[in-house]
Amino acid sequence: MHLLGLDIGSSSVKVSLVEANSGNLVASSFYPKQEMKITAHKAGWAEQAPELWWENLKLALAEVLSTANIDKESIESIGISYQMHGLVMVDKNQEVLRPSIIWCDSRAAVYGDKAFEEIGGQRCLTNLLNSPGNFTASKLKWVKENEPETFAKVDKIMLPGDFIAMKLTGEAQTTISGLSEGIMWNFKENDLATMLFDNYGFSSDIIPEIVPTFATSGQLSAKTAAELGLSTKTKVSYRAGDQPNNALSLNVLNPGEIATTAGTSGVVYGVSNEIKYDPQSRVNTFAHVNHTQEDPRLGVLLCINGTGILNAWLKRMVAEDLSYEAMNDLASKVAIGSDGISILPFGNGAERVLQNKNIGSLFSGINFNIHGKGHLLRAAQEGIVFSFKYGMDIMKNIGIDASVIKAGKANMFLSPIFRETLAGISGATIELYNTDGSVGAARGAGVGSGYYKSFNEAFSNLKKLDVIEPNTQNIAAYQEAYENWKAELEKAIK
């Protein structure tokens, strides 16, 4: 028996096939092999065509099936991880009405700020746990105000993973976890956020059927099964945003546990069983994958939009001839603090941790006589980590304190500089595991279909690959570098 995990990212779509009994990875693939295009018609905008996700899913899946060479009837179920906060709109024929306004698009922040003021900040925070900010509901408000002809055709709105599930089963559905990430769920009333819908002028009829995060929500339609080379017996039994799913992938499900990722964007995600929110919504609280009203599980999420995308940008600009490993080697020859260079990594749209300010990426302290390529490369990684530290201090103030941080051994965590700097400046132990979002989604599918009887069974073969303890000898150097970086940030956001 096999389980299929789909990870719908903004850079690529990854597909993994897992053997259910052992939990071992059989095959995986991703498309496109270069980063997926993000369209920005104006500064601060970011869009992708949902059809592009589907086409890349088909390519990656075909490669996995070819490599694995298994009986398609053996695929028990499918789990979906997806880029959070995106807006997908479809008409009555389930046709996409416009490109998706994705997570790093900043255009709707003004609508969220206005609603926060009109509804009342305290009322928003105690019911929605967040400001409406730049999230999915606010993006729909932007469409309503700026593209009324398109808005008039909307039958249902969905998150990106809901769209993929709809393509698989033919059913438009969503989850409480998904609705919460769009600021469309009222935690106090355990119902849709009609207070925000009323302010924005939406009918709740545009929300699809709500299904559990872990449950069989449908089976592959005959048309889709034929298109993908799969069986109509295969179920869709799990979906979650990429950061709650990353936490699931690391078996981070209980209060006090912390998960992190550092791909295009970076996230620190702490689980709580109590209502915790930042009064300024610089970090955000959503329903975790195992949240219920009776037994709350809430994820407090710090997101830094400008993470791996900064490293990739520097590779294109100054290190095109180097591999990422070679870039890390060059950066490692530079001392902690990068000899005075500070880089603010905020060049990928408005940052929630900066109260939705879009300050861009800033480089400071460069001396043409002493600084070289390695200094820039190290300063970029340090700047990303320091942005994590800045947000983690906010999380600590509301009761989410990181002593152990779990991550998959991938993306920026492949860099010794990155992980050592994070351990050094946070004081936390970093644990790296043999998992990623698509494998986690496959295991989530096994839980949702009932193949696994518990989370512990689903993650029984999760292996710890590496442990990075804070180097106490370097604490002062990291702290000095961070204070220099923070001073540059404070000047930029005045």
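Between which elements is the loop that holds Gly256 found? Gly256 is located in the loop between H10 and strand S15 (258-262), where helices (H or I, at least four residues) and strands (E, at least two) are DSSP runs numbered from the N terminus. With a relative accessibility of 55%, Gly256 counts as exposed, given that buried means under 20% relative accessible area, exposed over 50%, and partly exposed in between (1.4 Å probe, protein chains only). Gly256 and Glu35 are separated by 221 residues in sequence and, from C-alpha to C-alpha, by 34 Å in space.

The structure is a predicted model, in which local features need pLDDT of at least 70 and side-chain atom pairs count only at pLDDT 80 or more, whereas totals for chains, interfaces and linings use all residues. Residues are numbered from 1 along each chain as its sequence is written, and side-chain values use heavy atoms, with hydrogens and water left out.

Two packed helices are described by the angle between their axes and the distance between the axes. Helix H10 (residues 242-249) packs against helix H15 (residues 437-449) at an angle of about 75 degrees, the axes being 8 Å apart; axes are lines fitted to C-alpha atoms, for helices over the stretch in contact, and angles run from 0 to 180 degrees between N-to-C directions. H10 and H15 are therefore roughly perpendicular to each other, a term that covers angles of 65 to 115 degrees, while those under 35 count as roughly parallel, those over 145 as roughly antiparallel and the rest as oblique. On the H10 side, Asn245, Leu248 and Ser249 meet Gly437, Gly440, Ala441 and Gly444 of H15, contact meaning heavy atoms within 4.5 Å.

A salt bridge is defined as a side-chain nitrogen of Lys or Arg within 4 Å of a carboxyl oxygen of Asp or Glu, and by this rule the count comes to 23 salt bridges. One of them joins Glu73 to Lys233, with the closest N and O atoms 3.7 Å apart. Glu73 lies in the loop between helix H1 (50-68) and strand S5 (75-82) and Lys233 in the loop between helix H9 (222-228) and strand S14 (235-241), so the pair ties together parts that are 160 residues apart in sequence. Glu73 counts as partly exposed at 38% relative accessibility, whereas Lys233, at 58%, counts as exposed. In a further salt bridge, the closest N and O atoms of Arg239 and Asp162 are 3.1 Å apart; this pair links distant parts of the chain, with Arg239 in strand S14 and Asp162 in helix H6 (residues 160-169), 77 residues apart. Both Arg239 and Asp162 are buried.

Glu351, found in the loop between strand S19 (342-344) and strand S20 (362-364), is buried yet has no salt bridge, and the nearest side chain of opposite charge, Arg352, is 7.0 Å away; Lys and Arg count as positive and Asp and Glu as negative, while His and the chain ends are not counted. Leaving aside neighbours within four places in sequence, the residues in contact with Glu351 include Cys303, Phe346 and Asn356.

Most residues other than glycine have a negative phi, and most peptide bonds are trans. Asn356, in the loop between S19 and S20, has a positive phi near 65 degrees. The phi of Ser338 is likewise positive, near 55 degrees, and Ser338 is buried, with a relative accessible area of 0%. The peptide bond from Tyr31 to Pro32 is cis, with omega near -5 degrees.
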